[in-house]
Amino acid sequence: MQVYHDQLEVRTRGKGLYEITDDIVSKIDQRAIQSGTVTIFVQHTSCSIVIMENADPTARRDLEQFFERLVPEDADYFTHDSEGSDDMPSHIRMVLTRSSETVPIVNGTMRLGTWQGIFVFEHRRAPHRRTVLITIIGE
Amino acid sequence: MQVYHDQLEVRTRGKGLYEITDDIVSKIDQRAIQSGTVTIFVQHTSCSIVIMENADPTARRDLEQFFERLVPEDADYFTHDSEGSDDMPSHIRMVLTRSSETVPIVNGTMRLGTWQGIFVFEHRRAPHRRTVLITIIGE
Amino acid sequence: MQVYHDQLEVRTRGKGLYEITDDIVSKIDQRAIQSGTVTIFVQHTSCSIVIMENADPTARRDLEQFFERLVPEDADYFTHDSEGSDDMPSHIRMVLTRSSETVPIVNGTMRLGTWQGIFVFEHRRAPHRRTVLITIIGE
């Protein structure tokens with residue numbers, strides 16, 4: 001059993017989903033792990049890691065629209081707004097989703113389902129550079 | 001330290017919670033792991049894995065009612081509806097909850113709290129067969 | 001590779017976020033793990049483990065206000081209310097957030113981002129004593 005750590009830098013260009021599935025597969029292939037788990041962790045409080053349907057882009061647009069309505073930028077009771085009107089909503093969207101995902105690796109393959117992809121879910125309007133940590137535990 | 005992979009097939013009959021706690025306990029017992037973690041991962045984008053109160057069925061019904069209201073099937077801005085009106089809401093409900101859970105194993109026992117159970121949370125109306133991967137890491 | 005288990009007791013005094021980052025760092029230091037992961041798991045169905053912005057207390061107050069509005073105590077369709085009007089909302093808030101978090105440990109340090117803290121998110125109004133399990137896997 002071994003532990004391997006890798007890192008991705010993901011450049012985002014506003015709110016929405018950015019797929020990183022292939023980058024993670026590539027890290028697993030480099031480590032030649034046959035059996036274990038991979039944990040994908042994002043080091044920020046205004047974006048998330050989520051698993052989502054990866055075939056149809058309309059599903060990702062509808063998801064973004066849903067979150068715009070669920071956590072509106074103009075809620076009059078928000079006081080934490082030092083970085084703008086999308087500041088507090090971005091923290092709430094992060095808490096409502098996830099900072100990490102853990103996926104099994106079996107026979108050298110990350111075992112996502114047919115329609116599952118792994119995404120950085122950006123909650124800020126401005127471009128950001130996001131750091132994603134990838135930890136592989138296995139043999 | 002070892003890694004073991006197992007798999008469950010869960011047949012669902014419409015929206016709601018389906019408990020799988022005993023199935024997971026049984027897999028841990030078969031592997032005779034004393035200390036480690038178990039990760040439960042579902043390979044689908046229209047159902048979730050959640051931990052929930054497992055004593056009172058009314059709590060599970062209220063949870064389903066809450067999600068029906070939070071993510072209504074008839075939202076007029078959804079465009080991803082190729083599989084019906086419960087298609088897009090099922091992806092959103094999945095993103096708002098979780099695709100996996102990780103629970104400690106101590107002295108051979110999965111250490112859930114007294115009232116915690118592990119459930120497949122089905123978001124589609126039609127019956128489905130769901131694949132749940134169980135990864136045990138420990139010694 | 002080794003597995004270590006530790007436990008925290010967290011006393012809460014009503015709804016809101018209680019930071020436990022330093023307690024977890026302290027457990028990792030005691031175990032002298034250089035590389036691996038730490039999983040933080042809460043054994044209850046009416047509070048959560050979340051990662052949140054840990055610099056500005058107004059962000060935490062706004063988060064609590066958001067959840068008060070998203071899951072109101074007086075929803076007329078709730079039937080699970082044996083423990084009071086905050087009973088069912090507390091389960092829903094837990095399902096909408098998380099029961100656990102997993103964070104990488106690299107060079108002996110838990111690799112949270114600059115603004116990330118780990119919190120028990122209490123959903124009940126009365127004081128509670130919460131049990132948090134900490135599992136460290138690594139070498």
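1. The sheet of chain B. In this predicted model, five strands of chain B form an open sheet in the order β1-β8-β3-β5-β6, and their pairing is antiparallel. Strands are DSSP runs of E with at least two residues, helices are runs of H or I with at least four residues, and both are numbered from the N terminus. Two strands pair if DSSP finds at least two bridges between them. The edges of the sheet are β1 (2-13) and β6 (109-110) of chain B; each has a single partner strand, so one side of each is left without a neighbour in the sheet.

2. Conventions. Residues are numbered from 1 along each chain as its sequence is written, while chains are lettered from A and ligands numbered from 1 in the order in which they are written. Because the model is predicted, local features need pLDDT of at least 70 and side-chain atom pairs count only at pLDDT 80 or more, whereas totals for chains, interfaces and linings use all residues; side-chain values use heavy atoms, with hydrogens and water left out.

3. Strand β5 of chain B. Strand β5 (residues 100-106) of chain B pairs with β6(B) in the antiparallel sense over two bridges. On the other pairing, strand β3 (residues 36-42) of chain B and β5(B) are antiparallel over six bridges. Within these pairs, Ile40(B) has Glu101(B) as its bridge partner in β5(B), and Ile105(B) has Met110(B) as its bridge partner in β6(B). Seven of the seven residues of β5(B) are buried, so the strand is largely enclosed by the rest of the structure. Buried means under 20% relative accessible area, exposed over 50%, and partly exposed in between, with a 1.4 Å probe and protein chains only. Ser100(B), Thr102(B), Pro104(B) and Val106(B) point one way from β5(B), and Glu101(B), Val103(B) and Ile105(B) point the other way.

4. The hairpin. Two residues lie between the strands in the hairpin of β5(B) and β6(B), and Asn107(B) there takes a positive phi near 50°. Val106(B) stands opposite Thr109(B) in β6(B).

5. Overall description of chain A. Chain A has three helices and eight strands, which follow the pattern β-β-α-β-β-α-α-β-β-β-β along the sequence. Its C-alpha trace spans about 50 × 30 × 20 Å along its principal axes. Of the 139 residues in chain A, 66% are buried. Among contacts (heavy atoms within 4.5 Å) in chain A between residues at least 6 apart in sequence, 83% join residues at least 24 apart.

6. Strand β4 of chain A. Strand β4 (residues 47-53) of chain A is mostly covered, with seven of its seven residues buried. Seven bridges join β4(A) to strand β7 (residues 116-122) of chain A, and the two run antiparallel. One example is Ser48(A), whose bridge partner in β7(A) is Phe121(A).

7. Arg130 of chain A. Arg130(A) lies in strand β8 (residues 127-138) of chain A. Is this residue buried or exposed? Arg130(A) counts as buried because its relative accessibility is 4%. Its side chain makes a polar contact with the side chain of His44(A) (3.4 Å). A polar contact is a pair of N or O atoms within 3.5 Å; within protein, one must be able to donate a hydrogen and the other to accept it, and residues adjacent in sequence count only if both atoms are side-chain atoms. Not counting residues up to four places away in sequence, Arg130(A) touches several residues, including Leu8(A), Glu9(A), Ser46(A) and Glu122(A).

8. Helix α2 of chain C. Phe66(C) is found in helix α2 (residues 57-70) of chain C and is buried, with a relative accessible area of 4%. Not counting residues up to four places away in sequence, Phe66(C) touches Leu70(A), Val71(A), Tyr77(A), Ile92(A) and Leu96(A). Among the other buried residues of α2(C) are Thr58(C), Leu63(C) and Phe67(C).

9. Relation between the chains. A rotation of 120° with 0.0 Å of shift along its axis superposes chain B on chain C (RMSD 0.0 Å). That is the relation of a three-fold axis. In chain B, the C-alpha nearest the axis belongs to Leu96(B), 3.4 Å from it. Copies are superposed by least squares on the C-alpha atoms of residues with pLDDT of at least 70 in both. Only 20% of the interface residues of chain B are also interface residues in chain A, so the copies meet through different surfaces.
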